[in-house]
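Colleague: I would like to go through how the terms in this model are assigned. Please set each value against its definition.

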Amino acid sequence: MEQTATLHDRELNAGYRMKRSAGMAAVYAALVVGVALMIVPFWWMISTSLKSPLEILAFPPTWIPTGHFAERADGTWEEVYIVSQDETAGTVDVRSLDGDLERTVAASAVVDRIRFRFRNYAEAWSQAPFARYYFNTILITVFVVMGVLVTSSLAAYAFARMKFWGRDNIFLIFLSMMMVPQPVYLVPSYIILVKLGWIDTYQALIIPWFAHIFSIFLLRQHFKTIPNDLYDAAIIDGCSRFAFLWRVILPLSKAVLVAVVIFTIVGTWNSFLWPLVMTNTPEVRPLQVGLARFSQEQGTSHELMMAAAAFSVAPLIVAYFFAQKQIIQSMATSGLKG
Amino acid sequence: MKHGLKKHKLLWVLLATSILAVSVVGCGGGNEDAADGVTRLQFWHAMGGPLGDALDALVAEFNENHSDIEIQSISMGRYQALSQKIMASVAANQPPDLAQVYEAWTENLIENGSAESLSGYVNGPNGLSQEELDDFIPGMIANSTWGGEIYSFPFNKSVRALYWNKGAFAEVGLERAPTNWDEYLAYVKKLTRDTDGDGEIDQWGTAGQISAWMFENLLVQNGGEILTDDGTHAAFDSPEGIQALEFMVELLTEYGKVTSGYEYQNDFQAGKIGMIEGSTVSLAFMEGKYTFDMALAPLPENKEKASFFAGTNVVIFADSPDEKKAAAWEFVKWFTSPEITARWAAMTGYAPVRRSAMDLPIMQERFAEVEGLDSVFAQLDYAAFEPRSAAWYAGRKYLEETGVEAALRKQMIPSDALAAAARAVNAELAQ
Amino acid sequence: MTWLETLRRKKFMDPLTAAFYLVPAAVVVMVFRMVPIASAFVLSFFDVKMGRIRGFVGLAQYFKLFQDPTFFNSLGTTAYYVVGVVPASLFLSLLAAVLLNKKIRALGFYRTVFFLPVVTSLVAISMVWKWIFHPRLGLLNYVFEVLGGNAMLWLEEPRGIFEMMASGLGWAWWPDGLSGPSLALIAVIIVAIWRGIGYNIVIFLAGLQNIPDQYYEAARIDGANSRGVFWRVTWPLLSPTTFYVLLSTTITSFQVFTQIYLMTGPPVGGPMGTTKVIVYYLFEKGFDAGGNMGYASAVALVLFLIILSLTLVQRRLVESRVYY
């Protein structure tokens, strides 16, 4: 009886394990498909950005940038495109990509090689003032981050640790403002910026984003968790209210502050509708708006568009690979989906 | 607390300086006029790609030759974005000094008091003689005139042209472009074929985009009208219009392909299409990108010859200071001079706005380079303008979306599509 | 006794000190949030053309709005979009999160990959997907053809998907009103799901990891199979998270703009206006030809009311079934 039971158990376990490992295989298979679906668009962006203009027009498309190469008379190789093919004679007419020399060579003398056209990046970079766009975005981001840090920690401190008339009501009003989506107040904001004379200036892209209600909320929640004993001790030590914030609270809140910095950077770097409406000239135009303009110009070719897209997202993606854990956490707490 | 106060001050100073720094650094838009005697002005346009390059080159040349004027050329990428930016900037009382505009926008701007009348400049000491005015392509100045005042100046005007692949034509025994509708249809039929014998068509007779412009040309070639003579009602839903749209649908869907945007030009460049209709400006975008012998031809005619202009004019904004307006006029005058308009035309494919430009060596060289371009520009003699009211501009999108698009995408038969579009246009015109 | 002293007596802080800390944030919130939100409301009662107020018109703009077929079209399009994005995104991200929660190897890798689009700018993403959807040269049609399917027009296809399915089944007729969202809109929806899924997965994963193990053990001892465990333990205990994801995805979806602006057209909102969502309509009304900002504000207010009431309704409906 005992033996059969064990046997039965073992069989059950083996069955369970087999079932389980089959199940896990299915799980991994599903995840791999998911990963492929997430990665392919990025792959396609990079791959396209390194192709030649003629390769873009090829169908079926190439997964890895590939060019046709033919040998020159002097033994060096050059990239060519195929003008026509003569299958009976086994020859092809080719023309070099740079010159317009057309010649006929044996079909076997043309080989396909993987090659990356990095000059697409230089070309895209120079076709629009991307250097300026980059500078603008960095400048705007730096100032917004600084502003948000200063205003949010001060306000959060007041909300968390001070008693004053109407505090909770004011806080509630702040929170309710957060619920109103941006498109709702876009038009009046434009009029206000007009009245301030700020249309098409950096101020228009910075100052309205100096206060970030969610950051205030987040910091306030955190400040509240810091025990009162610490405060009492500090006051006995002769520490002022501000010094307490500066020396005790902020150092204890590094993790939250980092989160605020991260989602502010990502949000500012990627914001689009606001700067689209508030800027006119390339002097203050941030990267995303510049990229959109570039992509909508008639005649911008696909490989240059993809190159521009790639170098516009590169800084955040590189940062993401170095600090993915913090970034994911920060974005998840912020509720910011971009 | 004392200690704290100091800290307070420090923080205030920090905040204040950062705001100040932003305001100082942040004076974008070039509003600050340096007292160096140079008049700086902003010119907003929608010229991208090779057109933008050509325009920037000419603006740079103008700036070099005029040490006291500096024009800042700002591209908004495309007309839709330009329109949004101009309207918003006028609302903000911060318009540019000079901008490309369609006639319908001009009407809005005049109504709002934002467009400067150019008549004073034209008749002024730095103006144009009657002889020079007569040298403009017929109708261009009249189309820029409202209530006797000239408000805009022709800037980039194009007409439609037929682009044909001579090699593909030769393969089916054709030697020249079609000159009338019957030939047009017969040729696209011949050109639509399966070249490698796999049972699938790999060369189409023609291709095009959804375009009210193409339909308008066909409509008038077929003896129709866009609006009634008094401009109050749609007239494109006439039997002539229905026939024209049916013809367009047959061309582009039976023997051709409809693409969005300018993709059809890429297909043509890749040698997959026998012939396409395009703007003369398509030339600038295709230059050097095709590998076959290509030539241009005027549009085939039917009951009548007809060709509509497309493209914009420039206006000077009334709110700019006088010296900027004078500088802007100087630029407009320079840009529309025979020599410069000829170079602009040679670079981009836009029609020169002056008749005498055609005889200049630069245009003659261009005609020698591009087969058929001269015959395409010969259409300027009879080219006409679309209705230019703001109401028509609003209504035109119904012709394009409800009428032409619905028919080309086989959502409605042409007569129903045009009737629906006419209803929408009439509602717009009645407002 | 001054009011200040009274306040101090009551052991309230010196209001001036508090004000000092609050002022920087409060000024910005006031000028750039409260005032614009209030003005949006006020503006909707005025006729504003090209930045000039041309008079008080009362509710006239709202009457006009409710007779404006383009407005209703944009509402319908937005509704299709929300309905297309929200359930699919919820389902897929929950599925992925449950799979990732199975103590798999290299969890961090998968999470990193799924989250990647969330930090990527929507402008770039829209450009890349527009290229993938390219009817002739696009990757997607290539893959379809390899798999034996037919190439489709994607962003250029104005036909509704139900109508397309019906004609695919060989039905000659399909009622006009039921043709469904255009394939072009479906393409935009696919991108939105792709973009947002990583965010939802991370939230769901956090929720799943908060469920104590003993609940699972208890359910297993009761003899529940894995499906039973999911419905009896995971789903109810996860419901606050699900509710949050539902709410935030819905609200974000109602505000879609960037993808529409970059992927559709020209003209934006095409083909045949089947992708013109409400925020784009607002943008067009406020900042394009004629610049009717009062009318745009009326549109904005309706958008706000919809989001607000949906939030409230959703909260009530779901709260009754949420286990905290």
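Modeller: In this predicted model, 22 residues of chain B are in contact with 19 residues of chain C. The model is predicted, with local features needing pLDDT of at least 70 and side-chain atom pairs pLDDT 80 or more, while totals for chains, interfaces and linings use all residues. Residues are numbered from 1 along each chain as its sequence is written, and chains are lettered from A and ligands numbered from 1 in the order in which they are written.

Colleague: What makes residues of chain B and chain C count as being in contact?

Modeller: Two residues are in contact if their C-beta atoms, placed from the backbone, lie within 7 Å. By that criterion 22 residues on chain B and 19 on chain C qualify.

Colleague: Which element gives the most to the side of chain B that touches chain C?

Modeller: That is α3(B), with seven residues. Elements giving two or more are α1 (2-25), α3 (79-91) and α17 (390-408) of chain B. Helices (H or I, at least four residues) and strands (E, at least two) are DSSP runs, numbered from the N terminus.

Colleague: How are the residues on that side of chain B divided by class?

Modeller: There are eight nonpolar, ten polar and four charged residues. Ala, Val, Leu, Ile, Met, Phe, Trp, Tyr, Cys and Pro count as nonpolar, Asp, Glu, Lys and Arg as charged, and the others, Gly among them, as polar.

Colleague: And what is in contact between chain A and chain C?

Modeller: Here 70 residues of chain A are in contact with 71 of chain C. Helix α1 (residues 2-49) of chain A gives the most to the chain A side, with eleven residues. That side divides into 55 nonpolar, 13 polar and two charged residues.

Colleague: How do you know that β1 and β2 of chain A pair?

Modeller: Two strands pair if DSSP finds at least two bridges between them. H68(A) has V80(A) as its bridge partner in β2(A). The two strands form a hairpin with five residues between them, and G75(A) in the turn has a positive phi of about 90°.

Colleague: Why are β4 and β5 of chain A called edge strands?

Modeller: The open sheet has the order β4-β3-β2-β1-β5 (chain A), with antiparallel pairing. β4 (102-106) and β5 (110-114) of chain A each have a single partner strand, so one side of each lacks a neighbour in the sheet. For β4(A), the pairing with β3 (residues 91-96) of chain A runs over five bridges.
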